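Reader: I'd like to go through this one by asking where the labels come from. Can you walk me through it?

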Amino acid sequence: MQNIIFDCVYSSYFCSMNKNIFRILALSGLMLLGILVSLLNATGNNNADSIACVPNSGEFFKPHFKQVDSTTYEAFFIAKMWSFEPKEIYIPVNSDLDIFVSSDDVVHSFDIENKNVQIQVMPGTVMKKTVHFDKPGIYKIACHEYCGEPHKFMKSEIIVSDKIK
């Protein structure tokens, strides 16, 4: 009689434990499935705008600006204590601007106001970012990486206008 009671208590203990283990495994499986779906969604999003580090050629040592085609422009910026060169560039509305930034001396950042663009620039590297400008305005560029006392004067501008042809 005592064995029967012990067996019933013993088996019900393991039955409830097995239910709890099953619940934990099911919940863990659902969490892993959610993580997997999130990862696949993130890696499948090819529309993400990213910053690229490009091989350095001679044209990156001199700041300049050029038109590639009717809606695409290239700007080669040099960041150095305590300025960006060129100081300003002009492009028409609905243009794409390929921005190349290099540093002559220390780490700088290249932040375009109202465009959610921040490029970290290290000496010896050339960073590239393509930005689309669909609204006219003056887009201020600033460095948000402290690089010395006159750091606050490190500014440039991208001027976008519908009057530029």
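Predicted model: local features only at pLDDT ≥ 70, side-chain atom pairs only at ≥ 80, totals over all residues.

Reader: Start with the overall layout. What makes up the protein chain?

Author: The protein chain has one helix and 11 strands. Along the sequence the order is α-β-β-β-β-β-β-β-β-β-β-β. Of its 165 residues, 31% are buried. Among contacts with a separation of 6 or more, 60% are between residues 24 or more positions apart. The chain exposes about 10,900 Å², with carbon and sulfur atoms supplying 61% of that.

Reader: Why is S83 called buried?

Author: Buried means under 20% relative accessible area. S83 has 13%, so the label applies. This residue is in strand β4, residues 83–85, and S83 touches I78 and M154 once residues up to four places away in sequence are set aside.

Reader: And why does L36 get the label "partly exposed"?

Author: That label covers values between the 20% and 50% limits. L36 has a relative accessible area of 46%, so it belongs in that band. L36 lies in helix α1, residues 2–43.

Reader: What makes the nonpolar surface patch that includes L36?

Author: L30, L33, L36, V37 and L40 make it, and the patch is about 500 Å². Patch members need over 30% relative accessible area, and L36, with 46%, therefore passes that part of the test.

Reader: Now the inside. Which residues touch the most other members of the largest nonpolar core?

Author: F77, L97, I99, F110, I112, F133 and I158 do, out of 25 residues in that core. The elements giving two or more residues to the core include β3 (72–80), β7 (108–112) and β11 (155–161). The largest share, four residues, comes from β3.

Reader: What is F133 in contact with?

Author: Leaving out neighbours within four places in sequence, F133 is in contact with I91, V93, N94, S95, L97, K115, Y139, I158 and V160.

Reader: How do you know that β7 is covered on both faces?

Author: H108, F110 and I112 on one side are buried, and S109 and D111 on the other are buried as well.

Reader: Which strands does β7 pair with?

Author: β7 pairs with β8 in the antiparallel sense over five bridges, with V117 in β8 as the bridge partner of I112. β7 is also joined to β10, again antiparallel, by two bridges. Two strands count as paired if there are at least two bridges between them, so two bridges are enough for β7 and β10. D111 stands opposite A142 in β10.

Reader: What makes β11 "largely enclosed"?

Author: Five of the seven residues of β11 are buried, so the rest of the structure largely encloses this strand. β11 pairs with β5 in the parallel sense over five bridges, and E88 stands opposite E157 there. With β10 the pairing is antiparallel over six bridges, and V160 in β11 is the bridge partner of G137.

Reader: H151 is in a loop. Why is it called buried?

Author: H151 does sit in the loop between β10 and β11. The cut-off is under 20% relative accessible area, and H151 has 13%, so it counts as buried. Not counting residues up to four places away in sequence, H151 touches W82, C143, H144, E145 and Y146. The C-alpha atoms of H151 and W82 are 5.7 Å apart, although 69 residues separate them along the chain.

Reader: What is the omega of the peptide bond from M81 to W82?

Author: Omega is near 5° and the bond is cis. W82 is in the loop between β3 and β4. Another cis peptide bond joins E85 and P86, with omega about 0°, and P86 lies in the loop between β4 and β5.

How values were computed
Residues numbered from 1 in each chain as written. Heavy atoms only, no water. Buried < 20%, exposed > 50% of the residue type's maximum accessible area, 1.4 Å probe, protein only. Contact = heavy atoms within 4.5 Å. Core = buried A, V, L, I, M, F, W, Y, C linked by side-chain atoms within 4.5 Å. Patch = residues over 30% accessible without salt bridge, like charges linked within 9 Å, V, L, I, M, F, W, Y side chains within 5 Å. Areas by Shrake-Rupley, 256 points an atom, 1.4 Å probe, with all protein chains shown as cover. Salt bridge = Lys/Arg side-chain N within 4 Å of Asp/Glu carboxyl O.
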